[in-house]
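Please find below my note on the model under discussion. The points follow in numbered order.

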Amino acid sequence: MTSSPLENLAAQKAELLGLIDSFSTLDALREAEPGITGKRSILSALQKSLGSLPPDERAPAGALLQEARREVEAALERKREDLSRSARVASLETDRMDLGDVVVAATRVPLSAGHPGLITSTQRELEDVFVGMGFTVADGPEVESDWYNFEALNIPPAHPARGLWDTFYVDLGDPETVVLRTHTSPTQIHLMEEAVAADSLPIHSVMPGRCFRRDTPDSSHLATFHQIEGLVVDRGITFADLAGVIETFTRAYFGAGIESRLRPGFFPFTEPSAEFEITCTICRGEGCRTCSLTGWLELGGSGMLDPAVLAAVGIDGDEWSGFAFGFGIDRCAQMRHQIGDMRALIDNDVRFLRQFS
Amino acid sequence: MKIPLSWLREFVDLPETADELRPTLDDLGLVVEGIERVGEGLDDVIVARIDEIRDIEGADRVRLVVVDAGDGPLEIVCGATNFALGDHVPLAPVGAMLPDGFVITQRTMRGVTSNGMLCSGRELGLSDDHRGLLVLDALTTPRVGEGLREALGIEPDAIFDISVEGNRPDAWSVEGVARDLATRLGRALREPTIAAPNVATTSESFAQAGIDAPELCGRLTVSVLRRVTVAPSPAWIARRLESAGMRSISNVVDASNFVMLELGQPTHPYDAAFVAGQTIRVRRARSGESLQTLDGVTRELAKAGRGLGDTGEDCVIVDGDDQLLGLAGIMGGASSEISDSTVDVLVEAAYFDPMTIARSSKRHGLRSEASNRFERGVDPQGALRAVARFVELLRESIPDLEWYAAPLDVWGQVPVPSMVELRDGDIERALGAAISLEESATILRGLGFVVAGGDEGLVVTAPSSRPDVRSGAAGRADVIEEIARLHSYLRLPRHTPTWPEPGGLNDRQRLRRVIQDVVVDLGANVVWTPSLGSDSDFDLLHPGVPRVRITNPLVSDESVLRASMLVGLVRAWGKNVERGVGNVVLAELGTVFAHPDATEHPRHTRGGVGGTTTLRLPQENERLTLVLGRAADDAASAVALWAALGERLGLAEVVVRSCDDGPAGFHPSRVAALVDHATSATLGYVGEVDPQLVVTLVPSLINRRLGAVDLDLDVLADVSLATRRSQFVTMPSRYPSAVVDLALVTPDEVHAQDLAHALRAASELVEEVTLFDVYRGANLAPGTRSLAYSVRFSSNERTLSDEEVSGAREVLIERARTLGATLR
């Protein structure tokens, strides 16, 4: 009987495992690795020697050797993890710093000029215009139930009008019951519900915020964007008041020479509904490519609160009436600053941000 | 929807040009998105016959063609080769102007004079074909010298591309748009010519119809047409369909499409030979049934969908053997399609429940011209009128067509047209404008409303084509919108309202602004990073934690709502490093989300159908996160930034406490909690970004320290507002202060700012305590360091004596001792 080349395998394996265990730094381990599992290692030599075995013994011997190699490689991997963990622990320990002991007066702080984001400053400017007109400002959540985002706004389940909003659904509860808000209008419902509960009507509020639509981003749309919504609920409010508020806002924000006009539109939560347009900010109404030669640019939607919405939140439509309007903050910024591609807004390129103060 | 001006002119006199009508349509809410012009600029183009074709010496791309256009032979150089002797082609003679404005001149090429141009379809704006000349013999019987327009029977036309709003099913048709124009312009609306049954045999002797689901199908009419010959449509019908964007298929199919475009009523023609028992019934699909629609897709029916409240109801058309013929109102099946051999036709014209069609269409991902109309609501009264028009059109190509008397007409449930009361003053209360009841009545009658009443008010009944008009208060709003729309929004007054309630920001909003201003003043650029990130991004900081996932993300990289802004900010910073502008501080004020199972404070809100249940939604937390990436930034500069921000916000009670349990993403041994002394609330953290996170996100940078500050605005707002409310001005002392330095050997467990806080509170003579030096050395006991504070004493009543100062100093040393600190 010839001696198997693997007769000492157990001992050889134990030796390798011992060797692996003996390393105390990642560098040493990395240096020794080729000698343990590489081409010149004992494991590779044994692999080559299997060729000398009779064919029927090769397979079982090979399996045995493979098993040993796996064990050695696993030990190597474990050791590598151990050592990098302790290397991290050691380096974190070297780094350790009691931040309470920082002597602020003695700290060298680099000086740099900051810039407010374009959206932040646009939002603020819009808020200020409306605050000047007597509006308060309200915030609302970004994840909404179907009720707030759609149903209370007179958009019942499966209504074809839902096609107007490409909706991201949130994986919570029953399918399609929770959404990323597709517009700021759900905040209207929150405000009206709260005002009814607190018996605190009237409402004169604007609601800025982040919205989401499942719409592939291009130069004029982003899937994440910002809107500002306005809501007035008071006694004796008419469509003329809506047109007046939009006109005053347009002049205050866009400046002299830019006018607004309303044309019929459709939104399930307002009736009568109106799209509102402003004088094209590029050609000042002369007609150009941006405005398709019409001299007008569409800015947002508006209308008188639909009686169905008032009913959904429990407001008596005989006593109270109101209007709502909404438009894109990003779009305002785009028009004002002639930003060719909206995607610049999410690039966060400091060279872009620095242009706004 | 594409609507040719020539088609509108069939219904109403419109001498105006397309450009003149555009603002009127826009102002009616029928927004014109574009105008396409056809057949214009052809006045100068005439028909010419090819009499001779000769090669030109030295030219291999062009040939000399001699044509006759009525005035004798004319030599023209031409590059096309798709014609033969005797063919008739369009000729633009010298001086002619083509639709694109190009003027033909006499030109000399290769020594040969060309006296005009022979034209392709594209050069004439008649087709996209530019492979060769437009050979006319295939299209018509041309006469030499005849104008091209006459030869082809083309009238110049403009085609409006109109965006029809979702609440105007009636305007999804030529007639509907014409009705708005006629009413606005005060002109008459003409009725289309329609046929009547011309055979006394009754329909029921040949066919049967039935409704098994009256809630889903409000009306089913079936008309019997016999002696049908399927053939191409007359040219004018084909051209009209094509100009409206539909392909001409055959006289029967074209008649159906024509009527749908013109009147808004979809009809469906079946080959009666393939409808078992010549019977058409409408019923609910049963669970387990499936149907292959005309698009070749097999669809499982009656399967509940994902949509809220979608039970999976499908409405289907079946024959006498109960075999499925089609998905009602959406798409037919292949078995009973019209073919060249069809001789008997059953025409179905029906009314289906809009919601059922909408749900089915959405569930099966199947939209058609028919479903678009049914889901918005067609006119239930219009079914047979549409069939009469269908037959009228078909008669043009099949003069001896037979239409059996008494079409089958079965009714289910249809909406009752709304009746709305409009009292005097309602319009003014809504619009702020006094549009008279008289004008209102004229407008409404023009739109097909039935109007009764007089000076006191009107009682108006909506036409059956206007299912969007509701009843009660909502219906009043609907009717007033119609009056305002036709009167013109542009003519309505404007008035800017005022009210006694003050506007303004609330405390939280003011705080947000102050914070933004301060971080900008301290050198930060405010950015906007994505709210949606990838799973692997989420795992970087929160492995194994439940996360808020999007069911239908656009891309998998944007499928999880962020739980921290740190990853986005470090990545945004990395991008700026690549651009060579990484020497910056980035800040974001935004919302982060916690899955309801991963927070103690999920948001509870109204939800479910009708808002009748309470849902557990993610917790939304507003935070301010800063990443300090300037060259010398580190944990210390982050602490310094916080110190300035905290002081500006008046948060004197908030101390920096190093901690071992900082949030994920922070450097584990360079992080401190910001803790409010009074409430023990943690406002946030300050420190460095975990070096491992930096290397993962910005692999090109190793060993770059990034400072980090992360503040919880929900907590901060509470603390900072509380602080501000209780704050009254402390008048600074007018007497000299005394400054004393104290070096205290302090155990490492005692935080420097806690000790400072204790010293400040130890004596009322203390005005301020400031840490100015920290010393560690072998000469100090292990586990301690020396903290050197500068203490300023003062009194509002007098100059402090040396004794008073040293007495107070003793009190402070004693206070320090109780915390384990001793004077060095």
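1. Chain B contains 20 helices and 41 strands, where helices (H or I, at least four residues) and strands (E, at least two) are DSSP runs numbered from the N terminus. Its radius of gyration is 41 Å, well over the 28 Å given by the globule rule for 824 residues, so the chain is more spread out than a compact globule. The radius is taken over C-alpha atoms, and the rule is 2.2 Å times the number of residues to the power 0.38.

2. This is a predicted model, in which local features need pLDDT of at least 70, side-chain atom pairs count only at pLDDT 80 or more, and totals for chains, interfaces and linings use all residues. Residues are numbered from 1 along each chain as its sequence is written, chains are lettered from A and ligands numbered from 1 in written order, and side-chain values use heavy atoms, with hydrogens and water left out.

3. Along the principal axes, the C-alpha atoms of chain B fill a box of roughly 125 × 80 × 60 Å.

4. B:Arg367 lies in the loop between helix H7 (354-363) and helix H8 (369-374) of chain B. Its side chain makes polar contacts of 2.8 Å with that of B:Asn372 and of 3.0 Å with that of B:Glu375. A polar contact is a pair of N or O atoms within 3.5 Å; within protein, one must be able to donate a hydrogen and the other to accept it, and residues adjacent in sequence count only if both atoms are side-chain atoms.

5. The C-alpha atoms of B:Arg367 and B:Phe593 are separated by 36 Å, with the two residues 226 apart along the chain.
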